[in-house]
Amino acid sequence: MSYKPPVQDMAFVLKHVAEMENLLAYPAYEDFDMDIVDPVLEEAAKLAANVWAPLNRDGDTDGAKLKDGQVKTTPGFKDAYLQYVAGGWNALPHNPEFGGQGLPWSLSMATNEMWQAANLSLGLCPLLTQAGIEALEHHGSDHLQKTYLEKLVSGEWAGTMNLTEPQAGTDLAAIRTVAKKDGDHYLLQGQKIYITYGDHEFTDNIIHLVLAKIDGLPDDNSGLGLFLVPKFFVNEDGSLGDRNDVWPVSLEHKLGIHGSPTCVMAYGDKGECVAYLVGKEGEGLKNMFTMMNNARISVGLQGVSMMERAYQHAVHYAKERVQSFKLGGSSDERVAIIEHADVKRMLLTMKAYADAGRALSYYAGAQLDRQNNEADADKKKAAANRADFLTPLVKGWCTDMAVEVSSIGIQVHGGMGFIEETGAAQFIRDSRILPIYEGTNGIQAADFMFRKFLRDQGTEVKKYIAEMTAADLSAMEAETQQALKSGLKTLKETTEWLLKQDMKDLDPFAASSTYYLKMFASVAAGFLMAKLAIQAKGDTSPFAQNKVKICRYYIEALMPQASGYAPVIMGGQSVLRDMEQHSFDS
């Protein structure tokens with residue numbers, strides 16, 4: 001079963017959650033109006049469904065390979081990528097100054113969702129390129145921007161992000177790759193692991209963005225720099241020159257995303273790896289997070305993509321698989337399993353989580369658009385605060401739910417889901433990397449608790465809760481209103497309890513951070529689903545009426561489960577304080 005992009009769902013969320021019409025009123029988008037939305041989505045859907053999606057299974061069974069220092073990707077991947085570039089899709093949200101089309105980031109999120117759902121392994125290549133573009137636009141010198149951005153924006157060249165090393169993991173201060181000043185550039189030496197598309201044959205050049213210690217600076221985060229390392233040097237006329245001293249030395253053997261080459265990269269084995277500083281010395285970590293935050297929202301969106309793909313696959317199977325009589329039915333005829341109540345429960349759960357994740361992700365994308373376009377300083381800051389606050393929610397919650405929903409998809413298939421031939425297993429294997437990518441979800445939870453919540457004494461959190469609580473929900477059914485009000489009340493009480501705790505002892509906050517992120521994201525998504533349901537209620541079309549049912553199911557049946565985290569946060573995890581290292585011995 002292939003993939004059909006849910007264009008109508010996407011357009012509905014863009015209109016009523018991202019509020020695309022308001023975004024297009026910014027001067028930067030004066031050449032566009034709402035008439036652009038449907039054609040963009042429909043054309044992207046054709047490429048995603050007809051070209052990218054059919055290659056997804058091939059990438060799983062015939063993944064990337066390394067031979068003689070060159071990565072070879074799955075047959076068909078390069079041509080699919082080149083069609084994507086020829087269509088201008090990589091340039092969609094980027095600055096027209098560098099050849100971009102200048103459309104809102106939130107609109108490009110919808111097309112990105114299609115690429116990732118159609119073929120997650122292939123979609124990872126442009127995702128990292130986009131993160132690199134963001135870093136160069138914000139921190140690169142005029143020379144670096146002029147030399148590299150146009151080709152990166154078009155997708156003619158690809159980008160990578162090189163951060164961690166075997167001994168470092170998340171502790172980036174422990175990296176050992178070193179950059180030494182050498183005239184107008186630096187010489188880089190070291191090794192990086194887990195480099196997505198560190199090498200491939202899609203493009204003539206690959207631009208690596210590498211975090212490294214700067215020789216002579218302190219041996220901590222203040223001694224880091226972010227460096228641009230081209231695979232091939234670029235001559236003054238823009239043509240490509242000699243090969244730089246950077247090579248893939250091995251490919252990781254992974255649980256999933258087999259079509260995506262995850263490389264171990266060696267820099268400067270011959271002592272000749274030329275690197276160019278992006279930004280200032282000592283600001284590598286800060287500049288890297290420009291890329292990282294972009295990538296974190298994009299990875300959260302990948303979670304939405306995998307939920308949608310697993311759901312579609314499960315529905316297709318459930319309609320075709322005939323098994324057993326319908327409980328309580330009068331007929332002695334066996335029915336398709338989609339007629340069974342528990343299968344309906346699983347499918348509706350999958351769909352509701354996918355829709356809720358889409359709403360939360362697109363809402364975050366709209367805040368980035370507002371941050372980038374607001375002329376009013378206060379409104380700009382408010383949008384930046386909201387985007388910053390939403391980033392760990394989108395990344396952490398949507399990717400956790402991707403694993404959950406993919407697992408439910410296997411359950412719908414029963415024993416056939418555990419067999420590779422049906423294809424259901426690929427979605428859970430592929431999606432399992434997402435809670436680990438770009439900072440594990442434990443890191444997202446800590447970021448949300450300490451940097452987004454406690455740092456400003458809950459100011460932004462309380463503001464958001466107040467906005468949701470004050471919203472007019474009177475158009476909703478009474479049961480839906482009650483469920484949402486109850487969830488908001490519990491969230492508010494839990495938030496107030498946390499703010500009253502002794503900040504001198506941070507262990508309880510650390511132990512509660514994952515639960516609090518899950519609770520907050522669940523309720524925030526519920527509020528957005530309520531907005532969608534209210535918009536759909538006045539429409540008698542089958543799509544709209546079905547949307548009301550999906551939103552109600554999320555709010556009334558799924559979101560209330562998040563309230564169970566409240567007693568856990570408010571003392572239920574205290575046993576952790578009594579667990580010493582030896583307590584985990586078998």
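Predicted model: local features only at pLDDT ≥ 70, side-chain atom pairs only at ≥ 80, totals over all residues.
Residues are numbered from 1 along each chain as its sequence is written. Local features need pLDDT of at least 70, side-chain atom pairs count only at pLDDT 80 or more, and totals for linings use all residues.

Arg 358 sits in helix α10, residues 341-373 (helices are DSSP runs, H or I, of at least four residues, numbered from the N terminus). Arg 358 is buried, with a relative accessible area of 1% (buried means under 20%, with a 1.4 Å probe and protein chains only). Leaving out residues up to four places away in sequence, Arg 358 touches Pro 6, Asp 9, Met 10, Val 13, Glu 113, Val 304 and Glu 308 (contact means heavy atoms within 4.5 Å).

Helix α6 (residues 105-118) packs on α10 at about 145 degrees, and the axes are 7 Å apart (axes are lines fitted to C-alpha atoms over the stretch in contact; angles run from 0 to 180 degrees between N-to-C directions). Glu 113 of α6 and Arg 358 of α10 are among the residues that make this contact.

The second largest pocket holds about 740 Å³ of space (the volume is that filled by probe spheres set on grid points joined across faces, edges and corners). A pocket is an open set of points on a 1 Å grid over the protein atoms alone, where a 1.4 Å probe fits, with protein on both sides within 12 Å along at least five of seven lines; lining residues have an atom within 4 Å of a point. Among its 23 lining residues, Asp 9, Tyr 311, Lys 351, Asn 546 and Ile 550 are the closest to the centre. Helix α9 gives the most to this lining, six residues.

Definitions and conventions: Heavy atoms only, no water. Helix = DSSP H or I, 4+ residues; strand = E, 2+ residues; numbered from the N terminus. Buried < 20%, exposed > 50% of the residue type's maximum accessible area, 1.4 Å probe, protein only.
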